[in-house]
Amino acid sequence: MALRGATASLGARPVLRGVDLTVEAGETVALLGENGSGKSTAVRAVIGQVALTGGSLELFGSPLRRFRHWRRVGYVPQRSTATGGVPATVGEVVSSGRLARRGLRPLGRADRAAVAHALEQVGLADRAGDSVEELSGGQHQRVLIARALAGEPDLLIMDEPLAGVDVGSQRVLADVLRAHTAAGGAALLVLHELGPLAPVISRTVVLRGGRVETVDDPERLHDLACHPPDAAEQEPAAPHAPKIETGLLT
Ligand SMILES: Nc1ncnc2c1ncn2[C@@H]1O[C@H](COP(=O)(O)OP(=O)(O)OP(=O)(O)O)[C@@H](O)[C@H]1O
């Protein structure tokens with residue numbers, strides 16, 4: 001996946017102002033930055049939900065206008081936008097992740113196996129028959145992750161997957177990502193903090209004001225990404241800070 005010089009506006013507001021962002025097979029890239037810096041807009045541009053006004057987007061080597069293999073892309077939206085009051089079981093929600101693959105055909109054996117595997121990966125194999133309304137917030141998030149995994153995507157995109165999620169669920173996600181990239185998949189995650197995901201992040205990209213921020217001092221990544229500038233002196237840097245994106249992508 002490659003965004004190059006991407007610009008986009010929401011209403012009259014320019015939100016992306018020249019973003020370069022690449023994610024290669026086998027990589028997990030974290031997109032960080034302050035509230036309103038354009039992270040969600042950038043990932044929504046990658047899945048075609050926000051139109052670019054300039055620059056380009058390539059998915060698996062094809063320019064967006066020629067790209068048809070959406071089944072290769074799995075998306076986990078910000079939790080609050082995804083599940084408002086839909087009465088469905090965990091199994092039904094996760095099965096909907098197969099839609100792009102099977103169209104309107106009934107679930108086949110491969111579909112059922114993928115759904116079962118996805119539920120197992122997120123530790124919800126025993127909850128398939130439960131209503132999603134009976135789940136906690138963190139379990140809800142796991143369901144959305146399982147829904148994306150069920151589609152067996154090559155590129156997994158998640159918008160703030162750690163929001164409101166306990167350490168146990170964060171570790172589950174780290175395991176999911178490890179398995180995904182070990183199998184050659186790629187992932188792009190919008191995050192506010194790396195937390196337990198730090199060991200599985202290959203690269204971080206920091207957005208500020210709709211542009212990729214140059215981070216000269218890797219020690220300051222954590223502060224630049226997660227805290228307002230005036231808090232920068234108070235917090236230590238993440239112990240295993242991954243490679244920092246400099247804004248000059250090739
Ligand atoms: N529908 C909209 N119309 C106009 N402006 C919008 C709209 N949605 C978001 N914005 C603005 O676009 C900018 C970027 O928003 P975006 O959601 O991409 O930021 P973000 O980095 O994901 O923030 P957060 O960390 O708070 O989720 C913000 O200034 C926001 O106010």
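Good morning. I begin with helix α5, where Gln141, Arg142, Val143, Leu144, Ile145, Ala146, Arg147, Ala148, Leu149 and Ala150 are buried. Please bear in mind throughout that this is a predicted model.

The helix itself covers residues 137-150. From first C-alpha to last, its 14 residues reach 20 Å, close to the 20 Å expected at 1.5 Å a residue. With ten of those 14 residues buried, α5 is mostly covered. What do the buried residues of α5 pack against? Their partners are β6, α2 (90-95), α4 (109-121), β7 and α6 (167-182). After the helix comes Glu152, which has a positive phi near 45°.

Strand β6, residues 73-76, is covered on both faces. Val73 and Tyr75 are buried on one side, and Gly74 and Val76 are buried on the other. Strand β7, residues 155-159, pairs with β6 in the parallel sense, over four bridges. Within that pairing, Val73 has Leu155 of β7 as its bridge partner.

Strand β1, residues 2-10, runs antiparallel to β2, and seven bridges join the two. Ala2 stands opposite Thr22 of β2. The hairpin of β1 and β2 has two residues between the strands, and Gly11 there takes a positive phi near 60°. β1 also pairs with strand β4, residues 54-59, in the antiparallel sense over four bridges. Here Thr7 has Gly54 of β4 as its bridge partner.

Which residues lie around the ligand? They are Leu10, Gly11, Arg13, Val15, Gly33, Asn35, Gly36, Ser37, Gly38, Lys39, Ser40 and Thr41. The largest share, three residues, comes from α1. Gly11, already mentioned for its positive phi in the hairpin, is one of the residues around the ligand.

Finally, a word on Arg203, which lies in strand β9, residues 203-208. Is Arg203 buried or partly exposed? Arg203 counts as partly exposed because it has 16 C-beta neighbours inside 10 Å, whereas a buried residue would need 20 or more. Its C-alpha atom is separated by 27 Å from that of Gly123, a residue 80 positions away along the chain.

Thank you for your attention.

Note on methods:
Residues numbered from 1 in each chain as written. Predicted model: local features only at pLDDT ≥ 70, side-chain atom pairs only at ≥ 80, totals over all residues. Near = placed C-beta within 6 Å. Buried ≥ 20, exposed ≤ 12 C-beta atoms within 10 Å, placed from the backbone. Pairing = 2+ DSSP bridges. Expected span 1.5 Å × (residues − 1). Contact = placed C-beta atoms within 7 Å.
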